[in-house]
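Colleague: Can you walk me through this one? I'd like to start with the packing.

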Amino acid sequence: MTPPPAAATRASGLDRLAQFLPMAGEDYAKLRNLHRPGHDHVSRLSPYLRHRLLTEAEVIDQARARHGAHADVFVAEILWRAYWKGWLEMRPQVWRETQAGVYAGLARLDRDRDLAHTYEAACEGRTGIDGFDDWARALTATGYLHNHQRMCFASIWIFTLHLPWELGADFFLRHLLDGDPASNTLSWRWVAGLHTPGKAYLAKAEVITSLSDGAHWPKGLAEQSFAVAGPSNPVPGPCPQGGAWDRHLPTALLLHEEDLSPDWLLTSGLRPQSTAFLVAPDARSPRPVSPLIKTFVRGAVEDCSRRLAPDLSSLHGPVQGPGAVDALVAWARQSAALQVVTPFAPVGPVAGLLASLDKRLAAENIRLIRAMRPYDASLWPHATHGFFRFHQAARRLV
C-alpha cells in the first residue's frame with residue numbers, strides 16, 4: 001500500500017521530484033505500468049501537480065534537463081493533464097452531462113437494491129474480485145491509486161460489475177488526492193468507449209497477473225466489452241482565454257485549490273491589497289468527500305499562505321461552504337477593490353463557484369479577472385481532437 005504524500009507542501013513535492021528524477025528516463029518508460037508495492041517506479045507527483053504546488057512546466061524542464069529525449073514518455077504523461085483540461089474546456093457540456101449522470105445513478109441505487117449492493121461492495125472492496133478489492137481499499141485508505149490500476153478498476157466496474165460509469169468517476173473524484181474533473185471524467189469516458197467511440201478498455205486477468213508479478217489472480221472478469229450508453233462527443237467550441245487586469249485599479253487576489261503557486265502573477269507585477277482563499281472539496285461530489293482530500297487541500301492552502309505571505313498582503317479565509325460566494329463578495333467590498341484577480345479555474349466545481357461570484361461582483365461594479373497561465377493558454381487550444389495530434393504540437397511548445 002502506498003502512503004499519502006508526506007505533506008501538502010511545495011517542499012514535500014520538490015523532495016519527491018528529486019527522489020524520482022533518476023527514474024524519469026528509460027526506467028520510467030519500461031516500468032511505469034507495473035503494479036509494484038510502493039510504486040517508486042512512477043513519480044507520485046500528481047497530488048502536487050493537481051493543486052499546482054508544483055507546476056507541469058517545471059517538472060517537464062527538470063526531467064528533460066536530466067534525461068533529454070529519454071524523458072519523452074514521462075513528459076507525454078504530464079502532457080495528458082493539459083490535453084484533458086483543454087479538451088473539456090472546449091466541451092464543458094460533457095462535465096454537466098457527467099454530473100447529471102451521477103445524480104441519475106444515485107437515484108437508481110435508491111430504486112434498485114441489487115445494484116446498490118453491488119455498488120457498496122465495489123466501493124468497500126468486498127466484491128471477491130482479486131486485485132479490484134485491494135485497489136478499492138487502498139484508494140480509500142491512502143487517496144492514491146496507480147494509473148494502470150485505475151484503468152483496470154474502471155474497466156471491471158463498468159464491464160464486469162455493470163455499474164454506471166458516472167458513479168465510478170464520482171467514487172474516484174471523492175477519494176483521489178489528485179482527482180480533477182477533466183482527467184478523471186475523461187479517463188472514465190475513455191475506458192467506457194465514449195471518448196474514443198467504439199474503443200473501450202477491457203481489463204484482462206492475465207495482464208493484471210503479469211503486471212502485479214503474480215500478486216493478483218482475478219477470476220470472472222468480463223471477456224467482452226459492450227456499448228455504453230452516453231452522448232457522443234460534442235463539436236469543440238472556442239477555447240477560453242484569460243483576462244488581463246488593470247495595473248492602476250485597486251486589486252484583490254483570490255486564490256483557490258486549482259492553483260496554489262501564484263508566483264507567476266506576483267512576478268508579473270500584481271500587488272494585491274488583500275488576498276482570500278477559496279476551497280471547495282465538498283463540491284466535488286454529492287456524496288461525502290474523503291477527509292484525506294480535505295486535509296490535503298487545507299495543508300496546501302496553508303503552505304501557499306506561508307510561502308508567499310509577504311507578497312499577499314492581508315489574508316482572508318479559507319472561505320468554503322454554502323455561503324462562500326456571499327463571504328467573498330463581502331470581502332471584496334471591504335477590501336475596496338475594483339477588480340479581483342484569480343487564476344483561471346478549469347471546468348469543475350471551483351469554476352462553477354467563480355461563475356456565480358462573477359455575477360455577484362458585477363452587481364457591485366467589481367470586475368473578476370480570470371488570469372490564465374501561459375502554459376495553459378499555449379496548450380489547451382490544441383486539444384481539438386485526439387491526444388496524438390495534441391502531443392505533436394505540445395511537445396514543441398513546452
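Modeller: First a term: contact here means heavy atoms within 4.5 Å. Also, this is a predicted model.

Colleague: Fine. What does Phe-390 touch, leaving out residues up to four places away in sequence?

Modeller: Phe-390 touches Leu-79, Ala-82, Tyr-83, Leu-379, His-382 and Ala-383.

Colleague: And which residues have the most contacts inside the largest nonpolar core?

Modeller: Phe-390 is one of them, along with Val-59, Phe-74 and Leu-79. That core has 66 residues. Helix 5, residues 72-89, gives the largest share of the core, with 9 residues.

Colleague: How many residues are in the second core?

Modeller: The second core has 41 residues and is separate. Among them are Cys-123, Leu-202, Leu-221 and Val-228.

Colleague: Why would side chains like that gather inside?

Modeller: In soluble globular proteins, nonpolar side chains tend to be buried together.

Colleague: Switching topic. How many cavities of 30 Å³ or more are there?

Modeller: The structure has 1. About 50 Å³ of space lies in the largest cavity.

Colleague: Which helices each supply at least two residues of its lining?

Modeller: Helix 6 (93-111), helix 10 (165-173) and helix 11 (181-192) do. The lining includes Trp-95, Glu-166, Asp-170, Asn-184 and Arg-284.

Colleague: Last one, strands. Do strand 2 and strand 3 pair in the parallel or antiparallel sense?

Modeller: Parallel, over 4 bridges, between residues 274-278 and residues 314-319. Thr-275 has Leu-315 in strand 3 as its bridge partner.

Colleague: What do those strands make with helix 14?

Modeller: Strand 2, helix 14 (residues 291-312) and strand 3 form a right-handed β-α-β unit.

How values were computed:
Residues are numbered from 1 along each chain as its sequence is written. This is a predicted model: local features need pLDDT of at least 70, side-chain atom pairs count only at pLDDT 80 or more; totals for chains, interfaces and linings use all residues. Side-chain values use heavy atoms; hydrogens and water are left out. Two strands pair if DSSP finds at least two bridges between them. A crossover is right-handed if, with the strands pointing away from the viewer, the path from the first strand over the helix to the second runs clockwise. A nonpolar core is a set of buried Ala, Val, Leu, Ile, Met, Phe, Trp, Tyr and Cys residues joined through side-chain atoms within 4.5 Å. Buried means under 20% relative accessible area, exposed over 50%, partly exposed in between (1.4 Å probe, protein chains only). On a 1 Å grid over the protein atoms alone, a cavity is a set of points where a 1.4 Å probe fits but cannot get out, and a pocket is an open set with protein on both sides within 12 Å along at least five of seven lines; lining residues have an atom within 4 Å of a point. Grid points are joined across faces, edges and corners, and a volume is the space filled by probe spheres set on the points.
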